[in-house]
Amino acid sequence: MPMTTVADPPRPLGSTMRRDRWWIQPVMIVVALTLFGIYAVIRVIINKDYAITAGGAHLESPFFSPDLPGILSFHTSLPWAFLVLWSPLGLRSSCYYYRKSYYRSFFLAPPSCAVAGAARRKYTGETKFPLVLNNLHRIFFYFAAIVIGFLWYDAIRGLFYHGSFGIGIGNLIMFVNVICLSAFTFGCNSWRHIIGGKLNCFSCSTAAQKRHSAWQKVSILNRSHMQWAWISMFTVWFTDVYIWLVSAGVFSDPHHVF
Amino acid sequence: MSDGGIEHHDYDVLVLGSGGSGLRAAIAAAEAGARTGLVCKSLLGKAHTVMAEGGLAASLGNVAPEDNWATHFQDTMFGGKYLNNWRMAELHAKEAPDRARELEHWGAVFDRTPQRTMSQRAFGGHTYKRLVHIGDRTGLEMIRTLHDKTVHSDVEVFMETTITRLIKDGERVVGCFGYRRQTGELIAFAAKALVLATGGSGRIYKITSNSQDCTGDGYALAFEAGAQLVDMEFVQFHPTGMVYPPGVAGLLVTEAVRGEGGILRNKDGERFMERYDPKRMELSTRDVVARSIYTEVKEGRGTPHGGAYLDVSHLDPDYVKRKLPSMYDQFLELAGVDITKEPMQVGPTCHYFMGGVKVDPDTGATRVPGLFATGEASGGMNGANRLGGNSLGDILVFGRRAGEGAAATANASGAVSLPAEAVADARAEIEGFLHGSGTENPFHMHRELQKIMGDGVGIFRDEEGLTEAIGKLEELDARVANLRAPSDRLDYNPGLQLCREVRNMLTVSHMIARAALLREESRGAHSRLDHTGYSDYWGEHNIIVEGTGAHDMSLTPTPVVKRDELEELVEARKEAEKAS
Amino acid sequence: MSETIDLAHAPGPRKLQIWRGDLTSGELVEYELETEPGMVVLDAVLEIQRSQAPDLAVRWNCKAAKCGSCSAEVNGRPRLMCKTRLDHLPADQPITVEPMRAFPLIRDLVTDVSWNYRVNKQITPFTPRENLKPGVEVNAKGEFLIDQTDTDRMSEFRKCIECFMCQDVCHVLRDHRLHDRYYGPRFMMRMASLDMHPLDGVDRLDQIADEGGIGLCNITKCCTEVCPEGIHITDNAIIPMKERVVDQRHDPVLKLLHRTPNKGRIKPPPRSETPRL
């Protein structure tokens, strides 16, 4: 039987002896993730103005890549982008960093360290449905890695305007975005495990030694996984907004074709 | 079992102390089939061994293949100024490699060589790179390994239990008495054999690298039980402790800082070790480096906070952070100094007691039947000065031997019981601390004691200072019977704890001061301003302390215990030293 | 960041509010004391014990941030009192010092942490694999052959000083009191260091997942935030162990391929008891 003591944690949500403004971070995370989620859904439903094509350009919004209607030659007004978007969104929602941030900010379990969380009849962590599905993070990673391949293809293809090499603001944005997304995706904890972390011995074979050095490199990215998570979320967002505005004719993308 | 409010336990072997030596002894006793109990004054795994940083000296020869036990033995003897018990130094040098390998098999993880064997680093006084280590937290690695091994051996552990008395039946030790610190409940142990692994007594000095627990309990308990103690005048002052800020003064700065290439300078930027020991420089033995720093400061060449500069800023910052991570943290957190950029300020700090209970080298038996001692609580292995790295070997080698020795005695012994009068006596002492009519505050008396020892029995000593200190200690003797805890509550009462500890520390202080007065020479860690050279007589004699009580303490010079078959090795080393 | 202590600036008096009480009742009691430069919270508490409150119960030992005894909650955050400088805490208000909350109180600042020792006892100790390859994994003298790269990964976890602040701040233990179902970050890390030992011969994944309860950890990383040794408990120990458990029981691809982790390691006998608080 757990003993009850006078020094037991105060039960009401948010009770703490901390003096700092610990609630700022969860509030900011709730705001940012909610806005991004709403934006993503609305954007996919709107389902237009997602590629810059003026002047022979070919700049595809990351929300709509790969361009399934283009590749498979079909036309639909339905929000088809969901057919792809589940994988990067799944990667993010099962990502160890995002889990930390939404368990804290949305589930209040706990809202911050040494701050009392929301009272629950029964806490089960990640042992029961649906949260146990977060263990499938690596599956989302496999698919998201394929999407990253398409985004690199998009970024490189974007450098060619009617077949001629050119460069513009849109291209720069596309490259910055795909670099940040790659840094996020390949700093993944599951990837770090698969590439080498699962080995019990880093030195026992030549292959293990190679995997160890790969593991070390992934570990470097992983150390700033949180930063890459936020940066890449905002670069995706910004890239899409930019392409939307240009393709809707609000302004044109400054570029130079050689 | 409970009797008149006293919890009672019965063991074949009872080990007092849960540092490296106590844990190793308990493991050995349990493996030898003895029902074994282990009493810790603190929580398990918090003992002073965690503070050991540099490494464990063992002549594995992984880095220097030419290393062997004989060289390690010679280094130990030279470091101890030939006052060591030869047999102990021999056993230690011979068995330390096996003890190091054994730790690995129990799960310890040490730094590696490129050949994937245990790496070894250089340390003061060691001819070759010899110290097995992991970063600068070797002691923690050892204690965690031994702690886990103990927990999974058949050993019952009593945490936060303070022992205040050894109990004898006639001439033989048959158990001990004390209380549980968390509740104040009294507790008695009957044991066929009892191992003291209680560590040193650094807390008799204000400036010390020692934990709160290091209050010389084992020295005092053994003395009161009739055991002999040896070499008590030799107190090692580690050359490099922090000197600032005041709250952390004395905190250890590992010798590994110098082992990795740290340089000592005075305020004028002079590398002063060139004047004191041009051959070994910073890696001279601890006594020499400590005295050199002390002398620099005393002659006006100290740093603003009264120490010397110790500098590693010429080394690669990443290397420093990897090899000395806890030093880097310690200075950054506590002193606001980034050691990769600025020098540290360091000065001598009380670190280790070479002296201790006199034991049989092979079994750890004291002269009192049923009583054994090991580790820092025992004396003889280190002579007049201990080399860095030898204590971690010492605790393993002699911990195992004492555990086996105690188990052998226990297995050959019939049942023992605690005489009722002795138990009643021990109980009365504790109740006196709580409810007696005394008026002496243990916190204040502890401070007074530290001042007496710091002023009169510090790193440099002379007849006048020692005599004065002994006089003051005698004044404390008169008052110590009047100690009383400022509060009479039973649960976790810090005053009660300190009452008995102050008594123990006072007994130990007497031993140190009196032995220091008797030894009219300077040797190893013992430096007399009025007798600066070596004396031929004292070079052949240890001082044995014994008595029937604190007021009846006799000191007897006794010839060093030699061994014929080692004569050649020792002579060869003496010749080599003369030649250089 | 380097900052030197300003000598000209006298530190002056500070107020501390220390939790005083036992299982029946208690309150924060305010004390005032003169401070010295560089003073840490433990210095202040011991000075108060010496001069104002001689029965103040506080557990401490090395005072060098190496033994992990003096854990407490300072201004609401778990900290080692011996490593927390007063001048790093806001000067305009009293400093609160309270016992850890995830464990039963004994008195004042001292809590009963024995549950942690009961958990530790349940963890199968390091057991070298049988048939270690001579010359490759063990040499003729019986010394292990291990590479520094493997040592480095394990030794991060072995820096742990068992202050139990990660256990204290873990909401699974602190808020939900699931001490009988989750071993806590300290022991997840202990099992990680054993599981990552190249020569260990025990298959620990069932214990990690079942008795250890790794699924209850929702990786909110407070353990990592409070660790005084700077160990990346969540990223380097718990998440890798979660991933190994995924290998063993969740990954559909590995199941399809009949790939099971920990080949050559032997499952230990079931644990004798569930550690309860």
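How much area do chain A and chain C bury between them?

1. About 4,900 Å², with 54% of it on carbon and sulfur atoms; buried area here is the accessible area (1.4 Å probe) that two parts lose on being put together, summed over both. Arg19(A), Tyr123(A) and Asn200(A) supply 16% of what chain A buries against chain C, more than any other three residues.

2. Before going on: this is a predicted model, where local features need pLDDT of at least 70 and side-chain atom pairs count only at pLDDT 80 or more, while totals for chains, interfaces and linings use all residues. Residues are numbered from 1 along each chain as its sequence is written, chains are lettered from A and ligands numbered from 1 in the order in which they are written, and side-chain values use heavy atoms, leaving out hydrogens and water.

3. The A–C contact (heavy atoms within 4.5 Å) takes 53 residues from chain A and 61 residues from chain C. Seven salt bridges cross this interface (a side-chain nitrogen of Lys or Arg within 4 Å of a carboxyl oxygen of Asp or Glu). One of them joins Lys242(C) to Glu126(A), at 2.7 Å, N to O.

4. Now chain B, which has domain 1 (236-351) and domain 2 (422-532), with bounds from an automatic or database domain assignment. Their C-alpha centres lie 30 Å apart. Eight residues of domain 1 and six residues of domain 2 make the contact.

5. Those two domains of chain B bury about 660 Å² between them, 74% of it on carbon and sulfur atoms. Phe237(B), Arg291(B) and Tyr294(B) supply 69% of the area on the domain 1 side, more than any other three residues. The salt-bridge count between the domains is zero.
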